[in-house]
Amino acid sequence: MTYLLSKTNKRISPLVILLSVIVLGGVSQGLLLPLLSIFMEEQGIPSSVNGMHAAALYIGSFAMSLVAERVLGVTGFKKLLLGGLIVVLISLPLFPLVTNLKLWFILRLLVGIGDSAIHFTSQLWLVLVSPPERRGRNISLYGMSYGLGFSLGPLGIHLLPLGKLLPFVILAVLFVAMIMIVIVRMPDMHPEKLEPEEGATERKYTLIYKLAWFALLPSLLYGYMESSMNSNFPIYGLRIGLSTGEISTLLPFFGIGGLILQLPLGILSDRFGRKGILMVAGLLGGLMFLFIPLCGNQFWALVILFMLAGGLVGSFFSLGLAYAADLLPRHLIPAANVIASFHFSFGSIIGPNLGGQVMEMGRAGLLFTLLGSAYVIFSIVGLAFRKNSTKKLEI
């Protein structure tokens with residue numbers, strides 16, 4: 001798959017624009033999930049219902065991931081990116097204007113669809129244009145951009161005393177500005193079109209799982225972790241005695257840890273191999289999650305653990321994509337990105353629901369026991385994975 005970048009305005013490269021889009025996408029998710037969880041908790045809505053409601057965003061993302069590759073082939077990169085930005089822009093300002101949970105559910109679905117389009121477009125572009133020897137570093141820039149936005153998002157909670165509408169209006173203005181930049185500066189790129197043989201699609205996905213199943217697990221874990229932290233942790237924090245201010249301050253530290261270690265882990269994975277780095281980061285990150293319930297509501301202890309856990313597992317999605325690209329032939333990478341998006345959405349749907357259920361049982365700390373155990377098990381499972389040769393495996 002080849003993309004023509006020669007017509008791009010040299011003052012602003014496509015990479016800079018795409019990374020800026022991802023920062024904004026991270027801000028929208030980092031703000032929306034905890035903010036709505038707090039609204040619903042303050043209204044006395046059960047945590048299980050809160051969790052199921054939060055999963056709506058990822059149901060929309062899941063639905064989009066099923067058709068993303070086909071839609072991209074029709075629209076091209078620029079139009080799909082703009083479509084995602086516009087859908088999110090339209091949805092965001094409506095949240096504080098309505099209080100009906102059914103309407104919120106629909107709006108979350110729309111935001112999920114838009115976010116999925118944004119992320120799929122940018123991920124695929126970055127992976128395909130990155131040379132293998134720099135793939136870990138470049139995909140880490142993507143992860144850092146998302147982590148930066150994700151960390152800034154919860155800070156919008158501090159604007160609530162000035163009005164519930166204000167955080168959403170500011171975010172909508174930023175989306176308008178980004179849409180204008182994409183329209184003016186981004187080239188109109190299209191993926192190469194390949195005529196599929198009969199039955200090729202089924203064989204393609206089977207082959208991808210055969211070659212890279214372990215590399216696709218990090219996207220599942222990352223989705224589970226991200227949605228749990230943003231949707232369930234605000235409820236967990238309120239129940240252990242943290243204030244909304246402390247919660248909104250704690251969540252960015254998780255992203256800050258990811259920002260600090262994202263690039264070093266990417267560079268280390270280029271040098272020492274992505275499998276080993278993923279396994280070590282998963283094991284240590286899992287242990288950090290297991291320690292969180294032991295700290296109770298000790299703010300600074302939670303800050304340290306959030307930074308360590310976020311730093312270790314915050315690059316899981318991006319490193320997983322880079323590892324899949326290492327393992328697979330080039331023509332399978334777009335479909336692997338679809339699978340990764342599918343896994344991310346599936347994990348994101350499980351996270352709030354499972355977390356809400358265990359907290360409703362009166363075992364709030366079990367939220368982090370399950371999360372930490374999942375990462376530890378991933379690292380152990382990695383011992384069984386062996387790289388297969390692709391020379392004789394053709395679709």
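1. A helix here means a DSSP run of H or I that is at least four residues long, and helices are numbered from the N terminus. With that in hand, L265 sits in helix α9. Keep in mind throughout that you're looking at a predicted model. L265 has a relative accessible area of 11%, and the cut-off for buried is under 20%, so L265 is buried. Its C-alpha atom is separated by 8.3 Å from that of R137, although L265 and R137 are 128 residues apart along the chain.

2. Now the overall layout. The protein chain has 14 helices and 0 strands. Read from the N terminus, its elements run α-α-α-α-α-α-α-α-α-α-α-α-α-α. Of the 395 residues in the chain, 55% are buried.

3. Helix α1 covers residues 14-42, which is 29 residues. From first C-alpha to last it reaches 42 Å, close to the 42 Å expected at 1.5 Å a residue. Is α1 mostly covered or mostly exposed? It's mostly covered, with 23 of the 29 residues buried. Just after α1 comes G44, which takes a positive phi of about 80°.

4. On to the holes inside.

5. Several helices each supply at least two lining residues: α3 (56-75), α5 (101-129), α6 (135-152), α8 (200-239), α12 (316-327) and α13 (333-360). By residue class, the lining of the largest cavity splits into 8 nonpolar, 13 polar and 2 charged. Domain 1 (13-190) and domain 2 (200-387) each put at least three residues into the lining of the largest cavity.

6. The second largest cavity has a volume of about 90 Å³. Its lining is made up of 13 residues, and G147, Y222, F254, G255 and G314 lie nearest its centre. Helix α9 (244-272), the helix that holds L265, gives the most to this lining, with 5 residues. Helices α6, α8 and α9 each supply at least two residues of it. The classes come out as 5 nonpolar, 7 polar and 1 charged.

7. Next, charge pairs. A search of the whole structure turns up 2 salt bridges. One joins the side chains of R274 and D270, at 2.8 Å from N to O. The other joins D326 and R274, at 2.4 Å from N to O. D326 is in helix α12 and R274 in helix α10 (residues 274-291), so this pair ties together parts that are 52 residues apart in sequence.

8. How much of each partner shows? R274 comes out at 5% relative accessibility, under the 20% limit, so R274 counts as buried. D270, at 27% relative accessibility, counts as partly exposed. D326 is partly exposed as well, with a relative accessible area of 28%.

9. Last, a glycine that deserves a click. G237 is found in helix α8, and at 0% relative accessibility G237 counts as buried. How far is G237 from I247 in sequence and in space? They are 10 residues apart in sequence and 6.4 Å apart in space, C-alpha to C-alpha. The helix that holds G237, α8, is also one of the contributors to the linings of the largest cavity and the second largest cavity.

Technical notes: Residues are numbered from 1 along each chain as its sequence is written. This is a predicted model: local features need pLDDT of at least 70, side-chain atom pairs count only at pLDDT 80 or more; totals for chains, interfaces and linings use all residues. Side-chain values use heavy atoms; hydrogens and water are left out. The expected span of a helix is 1.5 Å times one less than its number of residues. Buried means under 20% relative accessible area, exposed over 50%, partly exposed in between (1.4 Å probe, protein chains only). Ala, Val, Leu, Ile, Met, Phe, Trp, Tyr, Cys and Pro count as nonpolar, Asp, Glu, Lys and Arg as charged, and the others, Gly among them, as polar. Domain bounds come from an automatic or database domain assignment. On a 1 Å grid over the protein atoms alone, a cavity is a set of points where a 1.4 Å probe fits but cannot get out, and a pocket is an open set with protein on both sides within 12 Å along at least five of seven lines; lining residues have an atom within 4 Å of a point. Grid points are joined across faces, edges and corners, and a volume is the space filled by probe spheres set on the points. A salt bridge is a side-chain nitrogen of Lys or Arg within 4 Å of a carboxyl oxygen of Asp or Glu.
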